[in-house]
Amino acid sequence: MPRRSIWKGSFLDAFLLRMKKKRDLLLNRKIWSRRSSISPEFVDCGVRIYNGKIPVRCKITEGKVGHKFGEFAFTRKRRSSRTNLGLGRKRGRK
């Protein structure tokens, strides 16, 4: 996957640029910009990232700096496989 040019810097939405200066306003703030990069100013903030249906809570840590916000709000549900469901109805009975 091609990366963004170094001379351009990481992408950060204009809304997040304004919020970066006011750190107290970032706590439990909803973020719709999944394509924005996480900068070091967001460390130890709790944000809610929109996944297309509902906002998902996410705590920003040191290890998440440099990644995109969208990587931490999954858009698809996890389904268990049919073989691991355990005991259910027997197939022979109706």
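A charge sits over a ring if NZ of Lys or CZ of Arg is within 6 Å of the ring centre and within 35 degrees of the ring normal. Here is a case: K64 lies over the face of F72, 4.8 Å from the ring centre.

Some ground rules. This is a predicted model, where local features need pLDDT of at least 70, side-chain atom pairs count only at pLDDT 80 or more, and totals for chains, interfaces and linings use all residues. Residues are numbered from 1 along each chain as its sequence is written, and side-chain values use heavy atoms, with hydrogens and water left out.

Now the sheet. It is open, has three strands in the order 1-2-3, and its pairing is mixed. Strands here are DSSP runs of E, at least two residues, numbered from the N terminus. Two of them pair if DSSP finds at least two bridges between them. Strand 1 (29-31) and strand 3 are the edges, each pairing on one side only. On average, neighbouring strands are turned by 35° against each other, direction ignored; the axes are lines fitted to C-alpha atoms, and angles run from 0 to 180 degrees between N-to-C directions. Strands 2 and 3 run antiparallel, joined by five bridges. V47 has C58 in strand 3 as its bridge partner.

Next, N51. It is found in the loop between strand 2 (46-50) and strand 3 (55-59). Is N51 buried or exposed? Buried, because its relative accessible area is 16%; the cut-offs are under 20% for buried, over 50% for exposed, partly exposed in between, with a 1.4 Å probe and protein chains only. Its side chain reaches the backbone nitrogen of K53 at 3.0 Å and the backbone oxygen of F74 at 3.1 Å. Leaving aside neighbours within four places in sequence, N51 is in contact (heavy atoms within 4.5 Å) with R34, V56, A73, F74 and T75.

Last, the aromatics. Rings of Phe, Tyr and Trp (its six-membered ring) pair if their centres lie within 6.5 Å; planes under 30 degrees apart are stacked, over 60 edge-to-face, the rest tilted. That rule gives two aromatic pairs. W32 and Y50 are tilted, 5.9 Å centre to centre, with 40° between the planes. W32 lies in the loop between strand 1 and strand 2 and Y50 in strand 2, so the pair ties together parts 18 residues apart in sequence. W32 is exposed at 55% relative accessible area; Y50 is partly exposed at 26%. F42 and F69 are edge-to-face, 5.8 Å centre to centre, 70° between the planes. Both are buried.

Methods: Helix = DSSP H or I, 4+ residues; strand = E, 2+ residues; numbered from the N terminus. Polar contact = N/O pair within 3.5 Å; in protein donor to acceptor, adjacent residues only side chain to side chain.
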